[in-house]
Amino acid sequence: MLGRAEEIEPQISAVLFEHAISAANFSSDSLSCLPNAPWKIPAEEYETRKDLRNTCTFTIDPASAADLDDALPFEKVSEKVFRIGVHIADVSRFVLPDTALDREARIRSTSVYIPQHKLLMLPPELSEQACSLVPGEDRLVFSIIWDIDDIGNITGRWIGRSVIRSCCKLSYDDAQDIIDGGFEVDVSGKTGPKLHGQFELKDVVDSLRSLHGITKKMREIRLRNGAFWIEIPKLAILFDESGNPCDSLLGVRKESSFLVEELMLLANRSVAEVISKAFPGCALLRRHAEPRSMKLKEFEEFCRKRGLELDASSSGKLHLALLKMREKLKNDPVLHNILMAHAARAMPLAVYFCTGDLRGREDEWAHCGLSIPLYTHFTSPLRRYPDIVVHRTLAAVVEAEEVYVEKRHSSAASDSDDGIGNGCFTGLCFDEEAAESEEGREALLSAAVRYGVPTSKVVSEVAAHCNERKELASMLSNLQKMFISGLC
């Protein structure tokens with residue numbers, strides 16, 4: 001017995017129980033793995049990491065977010081070249097392989113978000129404190145930094161561990177106000193986001209507007225190359241002061257969301273390229289198969305009966321067809337939303353997989369929705385366990401590159417004055433000859449042991465478990481929203 005069925009809390013407990021999602025506190029063994037609070041960065045970390053605290057860096061998240069796992073640095077190199085990056089909380093520095101904390105995070109595999117409830121994958125001492133990229137505090141991160149020109153072309157890439165200090169936390173609404181040009185810079189600092197450190201609000205505003213212009217071009221290039229996007233409004237539940245549901249509305253994504261998404265997609269794609277080439281037998285990637293033919297035919301027939309044309313012969317043509325539908329149905333948003341939901345049902349779910357399981361079938365590694373050959377999850381290690389596995393694999397590649405370069409006395413991985421030096425393993429062009437050399441193989445194997453890169457068998461097990469938990473978490477969120485909206 002969990003309570004009365006028409007009440008919210010018993011209903012939530014029932015759905016959690018049905019889907020085997022743990023709402024229990026973290027075990028004492030897991031909590032014993034946490035660093036002492038308040039945690040301070042050890043001196044040796046400053047000595048071994050790149051110091052990026054003097055670069056204008058900020059976060060963009062929901063206003064209520066406490067677990068800030070990504071930050072965006074921006075630097076203008078020249079009139080036509082910009083140094084743009086993604087900093088991700090270095091969670092694998094704290095969650096070590098085969099510890100009690102690692103095992104519990106693996107079992108949970110994902111944070112679960114349902115109305116007025118947040119079931120974390122990692123204890124808040126990590127996700128909301130030591131690892132959260134809060135402004136004004138030094139934080140350890142994994143960084144990917146690109147040199148990108150004014151038309152969206154990438155000319156250089158650096159990947160490594162660094163130390164940063166975010167200067168401010170922007171909400172998506174703050175960021176959208178800046179993008180729209182209606183954001184007034186208050187030099188007194190009495191209004192607007194709170195600033196920390198040497199940078200002024202004008203620095204953040206100028207950086208964000210430049211970022212928006214560049215990521216918009218990057219998105220146009222990506223969609224032109226065949227990626228598609230199905231716009232399905234998300235249901236948001238509103239609660240009164242007593243915590244009872246009182247209304248619901250459909251959320252609309254804004255340009256500020258697309259800005260962040262574009263950089264996260266690029267980071268995930270970049271990491272997938274690196275780890276799949278360095279460790280082709282045990283990399284954890286994410287793939288998305290072609291649309292289901294039967295479901296797609298049903299969708300085509302559904303559209304035809306309503307006088308709408310649909311060419312789904314490729315992902316790019318499908319995207320163009322959906323854009324035309326949106327324009328044609330701009331005065332009928334209800335039918336448009338129904339069509340988008342129908343289109344989504346024709347798409348298979350993206351899944352995690354181990355590259356070793358599909359060795360020799362690399363064409364099946366692709367992500368159809370993004371129209372790219374390689375993709376993974378790297379950008380949310382506070383909320384997704386696969387990202388932690390990917391971090392460990394990437395850390396091994398970075399260290400192996402440093403060892404190899406040192407042995408070869410090469411300057412290939414060093415920074416230059418006019419751009420980012422491209423490393424032999426982490427740069428834009430993977431050096432297969434270096435990886436297959438005796439020094440390269442030795443460096444990669446040694447680093448894999450040091451950072452606990454899992455075997456192909458373990459990666460397969462992690463992928464299967466995380467696929468199951470992710471699907472259940474999504475189902476749970478939808479069920480709860482349906483139930484609560486019925487009470488509004």
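Me: Where is Pro-38 found?

Reply: Pro-38 is found in the loop between helix 2 and helix 3 (43-48). Here helices (H or I, at least four residues) and strands (E, at least two) are DSSP runs, numbered from the N terminus. This is a predicted model, in which local features need pLDDT of at least 70, side-chain atom pairs count only at pLDDT 80 or more, and totals for chains, interfaces and linings use all residues. Residues are numbered from 1 along each chain as its sequence is written, and side-chain values use heavy atoms, leaving out hydrogens and water.

Me: What kind of peptide bond joins Ala-37 and Pro-38?

Reply: Most residues other than glycine have a negative phi, and most peptide bonds are trans. The bond between Ala-37 and Pro-38 is cis, with omega about -5 degrees.

Me: Which phi does Asp-98 have, positive or negative?

Reply: Asp-98 is not a glycine, yet its phi is positive, at about 65 degrees. The residue lies in the loop between strand 4 (81-89) and helix 4 (100-108). With a relative accessibility of 63%, Asp-98 counts as exposed; the cut-offs are under 20% relative accessible area for buried, over 50% for exposed, and in between for partly exposed, using a 1.4 Å probe and protein chains only. Ser-371, not a glycine, has a positive phi of about 55 degrees. Ser-371 sits in the loop between strand 13 (351-354) and helix 12, and its relative accessibility of 30% makes it partly exposed.

Me: Which residues of helix 6 (172-180) are buried?

Reply: In helix 6, the buried residues are Ala-175, Gln-176, Ile-178 and Ile-179. They span an arc of only 160 degrees around the axis, so they lie on the same side of helix 6; the arc is that of the directions from the helix axis to the C-beta atoms. Their cover includes strand 2 (56-61), strand 9 (168-171), helix 7 (201-224) and helix 8 (255-278). After helix 6 comes Gly-181, with a positive phi near 85 degrees.

Me: Which members of the largest nonpolar core touch the most other members?

Reply: In soluble globular proteins, nonpolar side chains tend to be buried together. A nonpolar core is a set of buried Ala, Val, Leu, Ile, Met, Phe, Trp, Tyr and Cys residues joined through side-chain atoms within 4.5 Å. The largest one holds 105 residues, and those touching the most other members are Phe-58, Ile-60, Leu-72, Leu-122, Leu-259, Phe-378 and Phe-425. Helix 12 (residues 385-408) gives the most to this core, with twelve residues. A second, separate core has 21 residues, among them Phe-302, Leu-329, Ala-346 and Met-347.

Me: With which residues is Ile-60 in contact, leaving aside its neighbours within four places in sequence?

Reply: Contact means heavy atoms within 4.5 Å. Neighbours within four places in sequence aside, the contacts of Ile-60 are Asp-70, Leu-72, Leu-170, Ser-171, Tyr-172, Ala-175, Leu-208, Leu-259 and Val-260.

Me: How many cavities of 30 Å³ or more does a search of the whole structure find?

Reply: Rolling a probe the size of a water molecule over the atoms shows where empty space is left. On a 1 Å grid over the protein atoms alone, a cavity is a set of points where a 1.4 Å probe fits but cannot get out, and lining residues have an atom within 4 Å of a point. Grid points are joined across faces, edges and corners, and a volume is the space filled by probe spheres set on the points. The search finds two cavities of 30 Å³ or more.

Me: Which residues line the largest cavity?

Reply: Its lining consists of Trp-229, Glu-231, His-319, Leu-322, Leu-323, Arg-326, His-336 and Met-340. Helix 10 (315-328) and helix 11 (333-345) are the elements that give two or more residues to this lining, and helix 10 gives the most, with four. The largest cavity holds about 60 Å³ of space.

Me: How much space lies in the second largest cavity?

Reply: The second largest cavity holds about 40 Å³. It is lined by Ser-109, Thr-110, Tyr-352, Arg-384, Pro-386, Cys-466 and Lys-470.

Me: How far apart in space are His-19 and Met-475?

Reply: Their C-alpha atoms are 9.1 Å apart, although 456 residues separate them in sequence. His-19 lies in the loop between helix 1 (8-18) and helix 2 (28-31), and at 6% relative accessibility it counts as buried.

Note on methods. On a 1 Å grid over the protein atoms alone, a cavity is a set of points where a 1.4 Å probe fits but cannot get out, and a pocket is an open set with protein on both sides within 12 Å along at least five of seven lines; lining residues have an atom within 4 Å of a point.
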